[in-house]
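Trainee: I would like to go through the labels given to this model and ask what stands behind each one.
Mentor: Go ahead, and set each value against its cut-off.

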Amino acid sequence: HSFPENCWEILYQLWHLTAPEPENPSSRYSVTHHLWTDPTVIKDYADEIAPNQPMWFDLVAVGLREKHYASEEDFDKDCRRVFENAYKYNKDKGGIHALVFCGSEIARCHYTQLTSTLKL
C-alpha cells in the first residue's frame, strides 16, 4: 500500500473499532465515536486544551482527502494529537468522560498496532 491508502485503512479501522460495554459486556460500543466530531463545541474544552491544538478524526479525514498531509509523519502527528487531547480532557472525570477515556486508550493501542503493521 502507498501512503494515502495506509492512512485511509487506519481511519477505516478506527471508525469500526468496538469494545464490550463496561456495564453490559454482551453489548459493544464504538470506542472512537466521540473522537470523530469537533470537540471545541464542548463548553470547557478550550479551557483544558490549548486553543490552537484541537484535533479530531473527521478533520484528519478532511486533511487526507484534500491532500494536506505531505507525509505519513504529518498524518501520524495529527492522529496522535487526537489521542493526547482525549486523554488530557477526559482523564479523572466520571460518566461519559470515563467511557471516552477508556475508548480512546483502546483506540490508541489499536492505532499503534496498525501503524507498526502498515509500517507507517
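Predicted model: local features only at pLDDT ≥ 70, side-chain atom pairs only at ≥ 80, totals over all residues.

Trainee: Why is Asn6 called buried?
Mentor: Its relative accessibility is 4%. Buried means under 20%, so Asn6 qualifies. Asn6 belongs to helix H1, residues 3-15.

Trainee: Why is Trp36 called buried?
Mentor: Trp36 has a relative accessibility of 10%. The cut-off is under 20%, so Trp36 counts as buried. Trp36 lies in the loop between strand E2 (28-30) and helix H2 (45-48).

Trainee: Which residues are in contact with Trp36, apart from its neighbours within four places in sequence?
Mentor: Leu11, Leu14, Trp15, Trp56, Phe57 and Asp58. As for Gln53, 17 residues away in sequence, its C-alpha is 15 Å from that of Trp36.

Trainee: What makes you say that the buried residues of H3 are on the same side?
Mentor: Start with the residues: in helix H3, residues 57-65, the buried ones are Phe57, Val60, Ala61, Gly63 and Leu64. They cover an arc of only 160° around the axis, and therefore sit on the same side of H3.

Trainee: What covers the buried residues of H3?
Mentor: The cover includes H1 and helix H4 (72-90).

Trainee: Why are H1 and H3 called roughly antiparallel?
Mentor: The two helices pack at an angle of about 155°, and their axes are 11 Å apart. Angles over 145 degrees count as roughly antiparallel, so H1 is roughly antiparallel to H3. Their crossing is left-handed. On the H1 side the contact is made by Pro4, Cys7, Trp8, Leu11 and Leu14, and on the H3 side by Phe57, Val60, Ala61, Leu64 and Arg65.

Trainee: How do the residues of that contact of H1 with H3 divide by class?
Mentor: There are 9 nonpolar residues, no polar and 1 charged. Arg counts as charged, and Arg65 of H3 is among the contact residues.

Trainee: What makes H1 and H4 roughly parallel?
Mentor: Their packing angle is about 15°, with the axes 10 Å apart. Angles under 35 degrees count as roughly parallel, and the pair is therefore roughly parallel. The crossing of H1 with H4 is right-handed. H1 contributes Phe3, Asn6, Cys7, Ile10, Leu11 and Leu14 to the contact, and H4 contributes Glu72, Phe75 and Phe83.

Trainee: How many residues of the contact of H1 with H4 are nonpolar, polar and charged?
Mentor: The division is 7 nonpolar, 1 polar and 1 charged. Glu counts as charged, and Glu72 is one of the H4 residues in the contact.

Trainee: Why is H1 said to be roughly antiparallel to H5?
Mentor: The axes of H1 and H5 cross at roughly 150° and come within 10 Å. With the cut-off at over 145 degrees, H1 is therefore roughly antiparallel to H5. H1 passes H5 in a right-handed crossing. The contact is formed by Ile10, Gln13 and Leu14 of H1 with Ala107, His110, Tyr111, Leu114 and Thr115 of H5.

Trainee: How many residues of each class does the contact of H1 with H5 have?
Mentor: It has 5 nonpolar and 3 polar residues, and no charged ones.

Trainee: What makes the phi of Lys67 worth a remark?
Mentor: Most residues other than glycine have a negative phi. Lys67 is not a glycine, yet its phi is positive, near 60°. Lys67 follows H3 and lies in the loop between H3 and H4.

Trainee: Is Lys67 buried or exposed?
Mentor: Its relative accessible area is 71%. Exposed means over 50%, so Lys67 is exposed.

Trainee: How do you know whether Asp92 is buried or exposed?
Mentor: Asp92 has a relative accessible area of 77%. The cut-off for exposed is over 50%, so Asp92 is exposed.

Methods:
Residues numbered from 1 in each chain as written. Heavy atoms only, no water. Helix = DSSP H or I, 4+ residues; strand = E, 2+ residues; numbered from the N terminus. Buried < 20%, exposed > 50% of the residue type's maximum accessible area, 1.4 Å probe, protein only. Arc of directions from axis to C-beta. Contact = heavy atoms within 4.5 Å. Axes fitted to C-alpha atoms, helices over the stretch in contact; angles between N-to-C directions. Parallel < 35°, antiparallel > 145°, perpendicular 65-115°, else oblique. Left-handed = near helix turned anticlockwise from the far one by under 90°.
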